[in-house]
Amino acid sequence: MPDNYFARYLPILIHFSLAALLATAIVLLSWIIGYRRPTRAKLSPYECGMTPVGDARQRFSVKFYLVAMLFILFDVEAVFLYPWAVILRDLKMFGFWEMLVYIGIVLVGFFYIWKKGVLDWGGASTGRGEV
Amino acid sequence: MNLTTFIIVSVIKTVIALFVLLTAVAYSVWLERKVVGHIQNRWGPTRVGPFGLLQPLADGAKFLFKEDLIPPHVYKPLYIAAPMLAVMFALTSISVIPIGNVVTIGNIKTPLQITDVNIGLLIVLGITSLGVYGVALAGWSSNSKYSLLGGLRASAQMVSYEISLGLSLVGVLILAGSFSLRAIVDAQAGTFWGFIPRWNIFQGQIIAFFIYLTAAYAETNRVPFDLPEAETELVAGYHTEYSAMKFAMFFMAEYANMITVACLASLLFLGGWHGPLFGPPLLQAILPVFWFGLRVFMFLFIYIWVRGTLPRFRYDQLMAFGWKFLLPMAIANLVITALIVAIRS
Amino acid sequence: MQPVATTFFFYFLAAVTVLSGVLVITRRNPVHSALALILALLGQAGLYLMLYAPFVAGVQIILYAGGIMVLFLFVIMLVSIEKSQKEEQFNNMWIVGLLAALALGALFIGVYVKGRDLFAGREVALPEQSNTQQIAILLYGNYMFAFEIASLLLLVAIIGAVVMAKKRI
């Protein structure tokens with residue numbers, strides 16, 4: 001049916017718009033139908049029954065950033081592998097060696113972060129995990 | 001076929017797909033409560049309708065009538081947008097997933113999928129990777145400590161396991177030589193020696209299959225990787241401050257993502273809709289969809305079974321497992337697959 | 001079937017991209033800027049799609065919209081919104097910015113004037129069926145060396161990320 005190149009992607013846009021419409025409709029409906037009788041206790045941030053101390057905008061571990069950064073780098077690695085995987089049958093052994101060098105170099109970085117303790121989340125008990 | 005017909009057909013397909021998906025979401029919640037109930041020697045829902053079958057409807061109505069609380073300490077625009085984003089992305093990734101062969105109704109030939117694109121797998125991966133925003137923004141905009149911790153944990157966990165998930169698919173790509181989900185399924189047709197089906201799982205991708213499944217469990221924040229909503233320490237994680245339908249929307253997104261994962265697992269590793277065909281033409285047309293649905297159901301059941309059986313990881317164990325075990329395994333698997341394919345060709 | 005309203009979609013996507021690009025630099029709230037940037041990147045992905053490069057579009061979504069922006073958001077989550085909204089948004093470097101923008105604009109116009117003849121009578125082939133394959137053949141054949149260098153870049157980036165975050169090495 002959709003022999004045309006662009007026509008193949010149009011349904012995704014339609015689907016996304018309908019999903020967005022649905023999500024909006026659900027939120028609106030809940031807002032219209034649901035009753036509202038707010039009290040001070042209901043409106044305070046949940047803190048297991050204690051009186052809240054401070055707000056949530058606090059500093060958190062740098063490990064989260066590190067994981068996000070490493071994720072991007074390894075994701076780039078994975079994306080490089082996709083087109084290679086698709087034509088590996090044509091590249092034959094040459095393609096295999098080519099990729100082995102590539103993965104090998106990236107793996108050096110992987111072992112570096114492993115040995116540096118970046119992947120240890122146990123805290124001080126690991127000794128090296130002072131990130 | 002002109003443009004108007006095409007758009008109308010697409011809209012009809014989309015509406016049907018969304019309806020089926022949302023029904024499936026509602027009934028996987030019911031199934032989960034029922035199965036987990038039986039695992040724990042309880043009955044699960046029994047009161048509303050036979051076997052509690054109308055429970056999802058009752059739940060939905062209850063969520064609608066609950067108080068829609070917007071606490072003053074939240075950052076309002078994003079607090080409202082976060083559950084919407086989560087649901088939107090979760091529902092959209094189904095758009096490129098095929099559920100069966102091409103069917104002919106009257107003189108219109110249409111594939112049983114909303115659209116068949118050449119980069120189908122990439123689109124699913126891309127939309128899944130966008131799903132992290134719903135969770136991260138919910139945790140941040142709630143301005144509550146539990147929510148922030150839950151959101152951070154969830155995002156870090158999702159991005160960590162996304163790498164293993166992406167790498168586990170490379171083996172399948174090598175075997176199929178295409179990103180199109182339909183082409184990947186077609187590459188798994190036929191049998192070895194007449195009785196073993198040529199599914200990717202029997203073509204040496206069994207390790208990749210388990211890596212994919214584990215990583216996907218972590219992607220969807222399910223047991224044993226449900227730390228973002230670990231109720232014993234974080235109350236409810238990133239949706240602590242949500243109520244009524246906005247709370248329910250995170251669950252809709254979670255179950256819709258589970259169904260997407262189950263569909264992908266069936267398509268990529270278990271041969272999609274391939275299965276024995278017999279009987280009259282009409283039955284032969286329906287059977288592929290049935291075989292596909294059976295696989296998806298099996299995966300959903302395993303999801304629930306795992307939830308009823310396994311304890312939760314600790315956060316450092318979770319990160320160590322993802323980075324130090326799954327990632328090296330995924331790389332080893334793809335190198336070995338590549339070596340075998342390269343030698344053979 | 002004829003191509004579906006190509007002009008319309010081009011201007012639609014271009015408008016989305018440019019408008020969200022403007023929003024990125026004008027919004028006071030950094031989270032809004034980040035979300036506008038995501039939208040701009042998605043619009044760009046759509047434009048790549050229209051250039052018959054579906055693989056590039058997919059990679060754009062996975063890497064930029066789904067990967068790099070998560071890091072941006074993590075960083076922004078640290079920032080106190082109340083404080084950042086009081087801060088001066090544009091500093092006195094606008095002369096430098098203006099000069100850079102003018103230079104870039106002149107470059108674009110120069111490229112357009114020089115290269116107009118190149119694009120004029122070129123028939124657009126439909127390489128969609130093999131877009132990924134074409135990229136792969138070039139990347140892993142002709143440009144193999146550049147590809148291997150990319151892995152070195154990744155290695156340097158990994159080490160750099162750790163060195164930046166570590167207190168002591």
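In which helix of chain B is Ala256(B) found? And what surrounds that helix?

A: This is a predicted model. Ala256(B) sits in helix 11 of chain B, which spans residues 244-269. Start with its burial. Ala256(B) has 27 C-beta neighbours inside 10 Å, and the cut-off for buried is 20 or more. Ala256(B) therefore counts as buried.

Next, its partners. Leaving aside residues up to four places away in sequence, Ala256(B) touches Leu21(B), Val25(B), Ala90(B) and Leu91(B). Take Ala90(B): 166 residues separate it from Ala256(B) along the chain, yet their C-alpha atoms are 5.8 Å apart.

Now the other chain. Helix 11 of chain B also packs with helix 1 of chain A. Their axes are 8 Å apart, at an angle of about 150 degrees. Angles over 145 degrees count as roughly antiparallel, so that is how these two helices run relative to each other. From helix 1 of chain A come Ile26(A), Val27(A) and Ser30(A). They meet Ala244(B), Met245(B), Lys246(B) and Met249(B) of helix 11 of chain B. By class, the residues of this contact are five nonpolar, one polar and one charged.

Finally, the whole interface. Here 60 residues of chain A are in contact with 69 residues of chain B. On the chain A side, helix 1 gives the largest share, 21 residues. The elements giving two or more residues to that side include helix 3 (63-86) and helix 4 (88-115) of chain A. That side of chain A has 45 nonpolar, six polar and nine charged residues.

Note on methods: Residues numbered from 1 in each chain as written. Chains lettered and ligands numbered in written order. Predicted model: local features only at pLDDT ≥ 70, side-chain atom pairs only at ≥ 80, totals over all residues. Helix = DSSP H or I, 4+ residues; strand = E, 2+ residues; numbered from the N terminus. Buried ≥ 20, exposed ≤ 12 C-beta atoms within 10 Å, placed from the backbone. Contact = placed C-beta atoms within 7 Å. Nonpolar A, V, L, I, M, F, W, Y, C, P; charged D, E, K, R; others polar. Axes fitted to C-alpha atoms, helices over the stretch in contact; angles between N-to-C directions. Parallel < 35°, antiparallel > 145°, perpendicular 65-115°, else oblique.
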